[in-house]
Amino acid sequence: MRKPLAVGLAALVLGTALGQKVQITFWHSMGGVLGEATEALVKEFNASQSRYEVKSQYVGSYDDGINKLLAALRAGRGYPHVIQVYDIGARIMADSGAVVPLEDLARQNGFNLDSLVPQPRNYYTVEGKLYGLPFNSSNPLLYFNMAAFQEAGLAFKPTWSLKDLEEAARKLTKKDASGKTVRYGLSIPIDSWFVEQFSYNSGQYFCNNENGRKARATAVTFDNEAAVAFLDTYARLVREGVAANTGRNWSDSQSLFSQGQAAIASYSTASLTGVLRQVGGRFPLRTAFFPYLKERNGVAIGGAALYVLKGFPAEETEAAWAFVRFLLEPKTQAKWHIATGYFPVVKGVDGLPEVRQAHVKNPNLTTAIQQLSTSKVNNASAGCLMGSFPEIRQYVAAAWEEVLRGRPAREALAEAKAKADQALARYNASVGR
């Protein structure tokens, strides 16, 4: 017997609906080598199951991404299901009210949060609750041209004080007969992140209330002893032709280093793959822990986290969690670590055979993990949690530039602090705190 037309059409519609994947959008700020690795994970997730599909979109820099999100949230439309937001956006994302805390999703779905490495979990925990997935977690490293080290008769060592670094940079500097520097001893891009990390690694806070961890931050403390010493030392070395001033663009410093025109540099763990490509076998490269002033405390997490946004149908939030859960799989973490240099945020990944083999082939991959595992877990190494951080970073970078022009670091940082404290006060008032 023939089925009624209405029944046949209903079955067809139902069949089509059942065959459709739940689609979600994912905004990220990974370009170049890191972007390739990110897109590879998205493709792998989409191919790993038939229920969900992630549509990824590169939205420019970290600043571009968070600004685009905040504009979409104000408009009430056009925002993604999942977004990558840099470390310093943690307070902003928690205050936004637009995030489904990762801790809630994990507990609802039986995921054991104790499987996360403690430092990344600590960083993105705001007022006792984990808000974001520490997706691409990094820390700062020193990069060494070991051919230059051998030429200068310097031995490698894993930990360095600021004094050690200055002494080595002087020995590694080469000048021609006219006194022009042909190889700098040191090159660090102008970026607040390095001032922050030097503060943390020296046991200092970058904002009050113990980095905003005991209570909401209401003032910055980046005019601390460590930050002053770091900037004054770097400026002095620039004036003497020992350190390079390549400005705020990391790529300019990386180009100088990879061409053998700087013997020591400092970048993120995530720079490793790109720097190795640029060096291209020109010289042997080794990495070491970031420096400190007097006693090593520990660095904070850099990079970014993934946040799941509210306001979507339940099945789309389920899809967002499925994507996040996939990224937390040890095998996925291993691929991400090997491809990028970002360290795994799930315990035990460094024990997987493929990771052990990669570390034998490229021992520099282990540096970030070792630095993290030997860092003290306290409110200094937890990193500063405060609003207006993107704006405040600009004041610190401008202060660094002032110091390079001859201004004492204490004076330049004091002026930057006044502007930063005003920005922080405006932010806290805007969220009713």
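Are Y143 and F257 buried or exposed? Select the two and look: both are buried. Bear in mind that this is a predicted model. The ring centres of Y143 and F257 are 6.5 Å apart with planes at 80°, so call this pair edge-to-face. Y143 belongs to strand 8 and F257 to helix 12, so the pair links parts that are 114 residues apart in sequence.

Next, pick Y62 and Y86. Their ring centres lie 5.3 Å apart and the planes meet at 45°, so this pair is tilted. Y62, at 22% relative accessibility, is partly exposed, while Y86, at 5%, is buried.

Now go to helix 18, residues 389-404. From first C-alpha to last, helix 18 covers 23 Å, close to the expected 22 Å. Colour its buried residues, among them F389, R393, V396 and W400, then look down the axis: the buried set falls within an arc of 165°, so it lines one face of the helix. Partners packed against that set include helix 3, helix 9 and helix 19. While you're there, check R393, whose charged end sits over the ring of F389, 5.4 Å from the centre. Just past the helix, G406 has a positive phi of about 115°.

Last stop: W400. Show its contacts and you'll find I188, F194, F230 and Y234 among them. W400 is also one of the residues with the most contacts inside the largest nonpolar core, a set of 133 residues. Helix 11 gives the most to this core, with nine residues.

Conventions. Residues numbered from 1 in each chain as written. Predicted model: local features only at pLDDT ≥ 70, side-chain atom pairs only at ≥ 80, totals over all residues. Heavy atoms only, no water. Core = buried A, V, L, I, M, F, W, Y, C linked by side-chain atoms within 4.5 Å. Buried < 20%, exposed > 50% of the residue type's maximum accessible area, 1.4 Å probe, protein only. Helix = DSSP H or I, 4+ residues; strand = E, 2+ residues; numbered from the N terminus. Contact = heavy atoms within 4.5 Å. Expected span 1.5 Å × (residues − 1). Arc of directions from axis to C-beta. Phe/Tyr/Trp six-rings, centres within 6.5 Å; stacked < 30°, edge-to-face > 60°. Lys NZ or Arg CZ within 6 Å of the ring centre and 35° of its normal. Lists of a residue's contacts leave out its neighbours within four places in sequence.
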